[in-house]
Amino acid sequence: MRDTARKVEEKYFSNLATHVEFLPVEWRSKLTLDGDTVDSITPDKVRGLRDMLNSSAMDIMYYTSPLYRDELVKGLQQELNRLYSLFCSRNPEFEEKGGKVSIVSHSLGCVITYDIMTGWNPVRLYEQLLQKEEEELEERWMSYEEQRLLEELYITKQRLREIEERLHELKASIISKPPVLKFKVENFFCMGSPLAVFLALRGIRPGTSGSQDHILPRTICNRLLNIFHPTDPVAYRLEPLILKHYSNILPVQIHWYNTANPLPYEHMKPSFLNPSKEPTSAPDTESASAAPSPTTSPVMVRRHYGESITNIGKASILGAASIGKGLGGMLFSRFGRSSATPQAMETGKDGPEGDEKKGTTVGTPPLPHSSSGFLEPTVELEHRIDFELREGLVESRYWSAVTSHTAYWSSLDIALFLLTFMYKQDQEETDKSNLDTI
C-alpha cells in the first residue's frame, strides 16, 4: 500500500503541502490465544489454503469465542495507541497543526476496530435481551406465585447492581481507566469487511434518517467508507442497514487510477440494481453477460482502463495468507511535508464525499424515480458508504473469489481512493485558492 500510494501521490497530489503517512498496525502475532493448538490439528495437505483460512475464518471464530474476544480487542487497541503515541513523540507538530488520523482495516479488523471505537460489548447485548424478556413477562397475566418470584428477582438484581457499582468504584480509585483511543478517527475505511453481518446479527435494522449515526456516530468517526470487490465472499454492504431501499441501489463504483478527469464521487448519480422489474428469459449464468450481475456493474469496457484485482492477487496463496493477518492499518493525514519521514505517502484525485453510483466509463442507467419495484425514496443517505471495485473483463469470478479478499493492499485504484478522501479538504482549499488567484 505504501508503494502504490507513493506512485499515486506523485502523479496526482504532488502540488499539496500536506502528506499522508501509512503506519502498519501488526498486532495479532503478539497474542497468545490458543498457542499452537490450531496449527497442530491442521492437516498438511493444501497447507497454503488452510493457512489462509486459519488467518481469516479462524480469526472470526476466535472473536466470537468468549475466551479470546477480549484478548483480540485489547491487542489491537493497545497497538493503535502505542503507534499513535510513538508517532506524536517523533512528530510533536502533528497534533499542534491539527493532524488527522484515519484507519484502514481489513476483514475482521473492521469489526474489531468498530467495537473498539463504539465500545460495543456482548455483555451489554445480553443485558438488553434480559430486559426485553422482563418487559414481555410484565405484559402478560401472571399468577400470584409468579409475581412474588419476580419481585424477589428484581430485589436481588438491584442488590447485585449495588455491589457491582461499589466494586467498580474501588477499582476506579486504584486504577484510572485510560481512554479507549488516544485520537479522533477522521475516516474509517473498511476493506473486504464482514461488519454488516455482525451488526445484523446484533439486531441492527434499517432506520429512517439516512444518517451514518445509525451505525457509527459522527462524534466517534467523521466518515465511514466500505470498500469491497464484487466477488469477495467475505465482504458485505452497509448502506441497506441504514436505509432498506438502498439494497436496490448500486454501490458507488471506484474509479480506475488512470481514468482521465474522473467525475467527483459526490456528483455521481445513484442507479437502481434492477431498473426494470421485467423477468429475463435467459438464465443467469456466467456466460450471460448481457444482464448485470446482482453484485456487479455491467461488464462493458473495463479491463482496458484499469487493473484486475485477480492479477493483483497473483501472489501465492501463502503470501496472501500472511498479508491477510495484518487486519488493520492506520493513516496519518495532514502531516506537514517539511517533517515527513522517508516512507512518506500522499494523495489521490477524485473528490468523494457525497458519493453516488455510476462510473464515468461504464454506462449504468440513471436513477429512475418510479420504474423500480420500490416506492420513490423520500430519504437518501447523507453520503454514500458502499464503494465497489470494478471487475476486470477477463478475470475468472471463481478465481477472483479466492484472491480478491487479500488483494486490496496492493491495488492502485484503492490507493487513489484512500488518498482522495484524506486529501479532500486540502484539494478543495488548493482549488479555491487557484480560483481566487484567477
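**Figure 1. The largest nonpolar core of the predicted model.** Within the largest nonpolar core, which has 50 residues, I112, F188 and L238 are the members that touch the most others. At least two residues of this core come from each of β1 (18-25), α3 (47-63), α4 (69-90), β2 (100-106), α6 (108-118), β3 (185-191), α9 (195-201) and β4 (221-228), and the greatest contribution is that of α4, with eight residues. In soluble globular proteins, nonpolar side chains tend to be buried together. As the structure shown here and in the other views is a predicted model, the legends describe computed values throughout.

Figure 2. When its neighbours within four places in sequence are left aside, F188 is in contact with I103, S105, C110, T113, Y114, M117, L216, C221, R223, L224 and L225. Apart from the core to which F188 belongs, there is a second, separate core of 33 residues, and among its members are Y12, M268, L389 and L412.

**Figure 3. Helix α6 and its burial.** Ten of the eleven residues of α6 are buried, so this helix is largely enclosed by the rest of the structure. The buried residues of α6 are L108, G109, C110, V111, I112, T113, Y114, D115, I116 and M117. After α6 comes G119, which has a positive phi, near 75°.

**Figure 4. The salt bridge between K100 and E186.** The structure holds 14 salt bridges, and in one of them the side chains of K100 and E186 meet, with a distance of 3.8 Å from N to O. Because K100 lies in strand β2 and E186 in strand β3, this pair ties together parts that are 86 residues apart in sequence. K100 is partly exposed, its relative accessible area being 23%, whereas E186, with a relative accessible area of 18%, is buried.

Figure 5. R202 forms a salt bridge with D115, and the closest N and O atoms of the two residues are 2.7 Å apart. R202 is found in the loop between α9 and β4, while D115 belongs to helix α6, and the pair thus links distant parts of the chain, 87 residues apart. Both R202 and D115 are buried. These two residues also take part, together with R69 and D70, in a network of salt bridges.

**Figure 6. The salt bridge between R218 and E382.** R218 and E382 form a salt bridge in which the closest N and O atoms are 3.4 Å apart. R218 lies in the loop between α9 and β4, and E382 lies in the loop between β6 (328-336) and β7 (386-388), so the pair ties together parts that are 164 residues apart in sequence. R218 is partly exposed, with a relative accessible area of 29%, and E382, at 47% relative accessibility, likewise counts as partly exposed.

**Figure 7. The protein chain as the setting of the close-up views.** The protein chain has 14 helices and seven strands, and buried residues make up 47% of its 438 residues. Among the contacts between residues at least 6 apart in sequence, 87% join residues that are at least 24 apart. The accessible surface of the chain comes to about 22,600 Å², and 57% of this surface belongs to carbon and sulfur atoms.

Technical notes: Residues numbered from 1 in each chain as written. Predicted model: local features only at pLDDT ≥ 70, side-chain atom pairs only at ≥ 80, totals over all residues. Heavy atoms only, no water. Helix = DSSP H or I, 4+ residues; strand = E, 2+ residues; numbered from the N terminus. Buried < 20%, exposed > 50% of the residue type's maximum accessible area, 1.4 Å probe, protein only. Contact = heavy atoms within 4.5 Å. Areas by Shrake-Rupley, 256 points an atom, 1.4 Å probe, with all protein chains shown as cover. Core = buried A, V, L, I, M, F, W, Y, C linked by side-chain atoms within 4.5 Å. Salt bridge = Lys/Arg side-chain N within 4 Å of Asp/Glu carboxyl O.
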